[in-house]
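Colleague: I have just opened this model and would like a guided tour. Please take my questions one at a time.

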Amino acid sequence: MSFTTRFNNTITGAIAGAIVPVTAFLVFYLALADGSSLVQFIDRCIDAGNLLQFVSVSVFANIVIFLVFNHFDMLRASKGVLGITIVWALAVFSIKLF
């Protein structure tokens, strides 16, 4: 069973779509934390009003795995990534509105 056949399912795409934005946010944290803890970094982002921007850019990282899955013709996995990306976007919009 080939790699693309084995991992071409919606669950794989959903898991990847959930993990990549969290990883991208952690990269932002490591790059910008200046020695503070993750909680302090998040509090500082909330105080500055930047948290939603960081989350939005982190979710934008899903386009990379979406394009990789499309390149390898893994359309079911792409569907999972797209579904989770929509959930992330709805969460950002709901936080922004309320």
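Colleague: Thanks! Which helices are included in what covers the buried residues of H5?
Modeller: Let me set out the terms for this predicted model: helices (H or I, at least four residues) and strands (E, at least two) are DSSP runs numbered from the N terminus. Buried means under 20% relative accessible area, exposed over 50%, and partly exposed in between, with a 1.4 Å probe and protein chains only. Contact means heavy atoms within 4.5 Å. Around the buried residues of H5, the cover includes helix H2 (10-32), helix H4 (51-60) and helix H6 (75-97).

Colleague: At what pLDDT do side-chain atom pairs count?
Modeller: Residues are numbered from 1 along each chain as its sequence is written, and side-chain values use heavy atoms, leaving out hydrogens and water. Because the model is predicted, totals for chains, interfaces and linings use all residues, local features need pLDDT of at least 70, and side-chain atom pairs count only at pLDDT 80 or more.

Colleague: What share of the 98 residues in the chain is buried?
Modeller: For a sense of scale, the C-alpha trace spans about 50 × 30 × 15 Å along its principal axes. Among contacts with a separation of 6 or more, 66% are between residues 24 or more positions apart. Of the 98 residues in the chain, the buried share is 26%.

Colleague: Back to H5, then: which exposed residues does the face turned away from its buried side carry?
Modeller: Begin with the buried residues of H5, which are Asn62, Ile65 and Phe69. They sit on the same side of H5 because they cover an arc of only 70 degrees around the axis, the arc being that of the directions from the helix axis to the C-beta atoms. Leucine 67 is also in H5. The face turned away from the buried side carries the exposed residues Val64, Leu67 and His71.

Colleague: How far is asparagine 62 from isoleucine 84 in space, C-alpha to C-alpha?
Modeller: Asparagine 62 lies in helix H5 and counts as buried because its relative accessibility is 1%. Leaving aside neighbours within four places in sequence, asparagine 62 is in contact with Ala16, Gly17, Val20, Pro21, Val81, Thr85 and Trp88. Isoleucine 84 is 22 residues away in sequence, and the C-alpha to C-alpha distance is 9.1 Å.

Colleague: Which helices are included in what covers the buried residues of H4?
Modeller: In H4 the buried residues are Phe54, Val55, Ser58 and Val59. Their arc of only 135 degrees around the axis puts them on the same side of H4. The cover over these buried residues includes H2, helix H3 (38-48), H5 and H6.

Colleague: Which residues is serine 58 in contact with, leaving aside its neighbours within four places in sequence?
Modeller: Serine 58 has its place in helix H4. With a relative accessible area of 2%, serine 58 is buried. Once the neighbours within four places in sequence are set aside, the contacts of serine 58 are Pro21, Ala24, Phe25 and Phe28.

Colleague: One more, on helix H6: is alanine 77 buried or exposed, and how far is its C-alpha atom from that of phenylalanine 66?
Modeller: Alanine 77, placed in helix H6, counts as buried because its relative accessibility is 0%. Not counting residues up to four places away in sequence, alanine 77 touches Phe7, Asn8, Asn9, Gly13 and Phe69. Phenylalanine 66 is 11 residues away along the chain, and the C-alpha separation is 8.1 Å.
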